[in-house]
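Subject: Structure handover

Hi,

Here is the structure I promised to pass on. Please open it alongside this note. My findings follow below.

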Amino acid sequence: MSRWRLKSFSMQYLVKLKGTRNSCYHPVSVECAQYSHFSGQCKNLAQKNWSSFIVGLSGFHGYQFGSSHLLFSRGMSLSNVQDHVQSKVSPLQAKKRVTRKKISLTAEADSTQDWWSVVAYSTAEEYDLSDLIDGLKRQGLYQQSAMPEDMNDVLHVCAKYQVDKEPREAYFFSEGSVVFWNVPEIEQQAVLKFLKAYETNSYEESIVSEEKEVMEYLYTEKSTRGSNKTRLINGQIMLNSEGSTDLEKYAFSNGLALSVKLAIWEASLEKYVDSIDWITEEMKIGKKISITRDQVFQKSGEIFALRHLINLCSDLLDTPDFYWDKQNLEALYHKTCNHLSVTKRTKVLNEKINHCCELMELLSGHLNDRHHVRLELMIIALIMVEVGFEVLHFARNLLETGGS
C-alpha cells in the first residue's frame with residue numbers, strides 16, 4: 001500500500017506519490033458515483049483540503065470517504081486531463097430521463113425451483129388483431145386460446161410445438177404491445193418481425209428493444225396451510241401450480257403492456273424536449289427566436305397528441321372495466337402497476353407535458369404579439385402615406401387657387 005495526496009493544478013488533477021526519492025505526479029480522472037458530471041464535484045475536491053488517501057497499486061484505485069466514492073486511473077496522459085474534465089461540463093439542460101433498473105435474464109434464481117422469463121415490448125401504436133389471427137393461422141406455429149368474451153382487445157396464443165414442460169405463450173394487445181411468456185430471445189425477434197405487417201405507426205427498433213420490460217415467474221408449492229394463490233413478491237411472479245393460469249397471466253401481462261407503452265411515451269417526450277431545448281437557451285440570452293408560427297403550431301400539436309394518447313386513449317388513469325367484478329385479478333393488475341411505478345411515472349410525465357405546453361403557449365403569444373406589432377406598423381405606414389397624399393393634394397389646390 002502507498003500513500004497518495006490529491007492536488008489541483010488549474011483544471012488538471014494530479015496524484016502525487018509520496019515516499020519516493022523524487023516526487024512523481026500522475027494525471028488522474030476523478031469521478032463521484034453520485035454525480036453525472038465532473039464539474040461540481042471537482043470544485044468540492046479543490047475546496048476541501050483532504051489529507052492523504054490509502055489506495056491500492058492495481059490499475060484502478062478506489063477510496064471510500066463519507067458518501068463519495070472516488071475512482072483513480074493512471075491511463076490518461078497529462079495533456080488529456082483538462083480536455084477530459086471539460087468534456088464532462090455541459091450547459092444547463094433539461095434533466096435526462098434515467099433508465100429504470102430492470103431485471104437481467106442472467107440473474108440467478110433459486111436452484112431448487114424452475115423459473116422462466118416474461119418479456120414485454122411495445123412496437124407500434126396499434127395492432128390489427130383480426131388480420132393477425134388470420135396471419136398466425138396461415139403460419140401454423142401458434143394456436144389461439146379461448147378467452148372471455150369481454151376481452152376483445154387482446155389475443156392469447158400458445159405455441160403448437162413444445163420445447164420443454166412449460167408452454168410458450170404470448171399476449172397481443174390491440175394498443176401495440178406484446179408480452180411473451182417463456183419464449184426464447186430468437187423466437188421473440190422472429191415474432192416481432194412477423195408483427196410488422198399488422199402494425200400501425202411502428203416505433204423505432206432501437207427504442208422498442210431499449211424500453212422492454214423483463215420479469216421472472218415460477219410456480220408456487222402448496223404449503224402446509226393450503227395456500228397456493230398467485231401473487232407478486234419482490235418483483236417475482238408466483239403462479240398457482242393448480243389449474244389454469246391464463247387469466248392471472250393476462251392480469252400481469254396487462255400491467256407489463258401498460259408499462260412498456262408508457263416507457264415509449266416517455267422516450268417520445270424526451271425526444272420532444274431535446275427538439276425545443278434551443279428555444280429556452282435563446283430566450284434566456286434575449287436572442288431573437290427564429291421560428292415561425294406554423295412551426296410552433298406543429299410543435300403544439302405534437303405535445304397535445306401525446307397528452308391525448310396518455311390521458312384519453314389508455315388505461316393509465318383508470319382501471320380497465322374488465323376487472324370490476326374480478327377482485328383477485330384486479331389486485332394482481334394493481335400490484336404489477338405499482339411494482340413498475342406506473343402511477344408515479346404517469347404523474348411525472350403529465351407534469352413535464354404541462355411545462356412543454358406552457359412553453360408553447362408562451363412562444364405562441366410572443367409570436368402573435370410580434371405579428372400584431374407588424375400589422376400596427378403597416379397600418380401606421382398606410383395612414384402616413386394617405387396623409388402625405390392629402391398634403392400634396394391640399395398643396396396643389398392651394399397653388400392653383402393662388403395662381404388664379
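Start with the lining of the largest cavity: by class, 7 residues are nonpolar, none is polar and 1 is charged. Here Ala, Val, Leu, Ile, Met, Phe, Trp, Tyr, Cys and Pro count as nonpolar, Asp, Glu, Lys and Arg as charged, and the others, Gly among them, as polar.

Some ground rules. This is a predicted model, so to speak of local features takes a pLDDT of at least 70 and side-chain atom pairs count only at pLDDT 80 or more, while totals for chains, interfaces and linings use all residues. Residues are numbered from 1 along each chain as its sequence is written, and side-chain values use heavy atoms, with hydrogens and water left out.

**The cavity**

The lining residues are Tyr142, Val157, Ala170, Phe172, Phe180, Val183, Glu187 and Val191. Strand E11 (169-173) and helix H4 (185-195) are the elements that each give two or more residues to this lining. Helices (H or I, at least four residues) and strands (E, at least two) are DSSP runs, numbered from the N terminus. The volume of this cavity is about 40 Å³. The structure has 2 cavities of 30 Å³ or more. A cavity is a set of points, on a 1 Å grid over the protein atoms alone, where a 1.4 Å probe fits but cannot get out; lining residues have an atom within 4 Å of a point. Grid points are joined across faces, edges and corners, and a volume is the space filled by probe spheres set on the points.

**The core**

Phe172 turns up again here. The largest nonpolar core has 76 residues, and Phe172, Trp181, Ile237, Tyr250 and Leu269 touch the most other members. Helix H6 (residues 246-284) gives the largest share, 15 residues. Such a core is a set of buried Ala, Val, Leu, Ile, Met, Phe, Trp, Tyr and Cys residues joined through side-chain atoms within 4.5 Å. Buried means under 20% relative accessible area, exposed over 50%, and partly exposed in between (1.4 Å probe, protein chains only). Beyond four places in sequence, the contacts (heavy atoms within 4.5 Å) of Phe172 include Leu129, Val157, Val178 and Val191.

**Whole protein**

There are 9 helices and 16 strands. Of the 404 residues, 38% are buried. Among contacts between residues at least 6 apart in sequence, 63% join residues at least 24 apart.

**Confidence**

The average pLDDT (the predictor's confidence in each residue, from 0 to 100) is 76, and 70% of the residues score at least 70. Residues 1-92 fall below 50, and this stretch has 137 contacts beyond near neighbours in sequence. Residues 104-112 stay under 50 too, with 7 contacts beyond four places in sequence. Where pLDDT is low, the predicted coordinates should not be read in detail.

**Residues to look up**

Most residues other than glycine have a negative phi. Asn182 has a positive phi of about 60 degrees. Asn182 sits in the loop between strand E12 (177-181) and H4, and is buried at 12% relative accessible area. Asn234 has a positive phi of about 55 degrees. Asn234 lies in the loop between strand E15 (231-233) and strand E16 (236-239), and is exposed at 80%.

Lys352 belongs to helix H9 (residues 342-403). Lys352 is partly exposed, at 35%. Between Lys352 and Glu270 the C-alpha to C-alpha distance is 9.5 Å, across 82 residues in sequence.

Best wishes

Key:
On a 1 Å grid over the protein atoms alone, a cavity is a set of points where a 1.4 Å probe fits but cannot get out, and a pocket is an open set with protein on both sides within 12 Å along at least five of seven lines; lining residues have an atom within 4 Å of a point.
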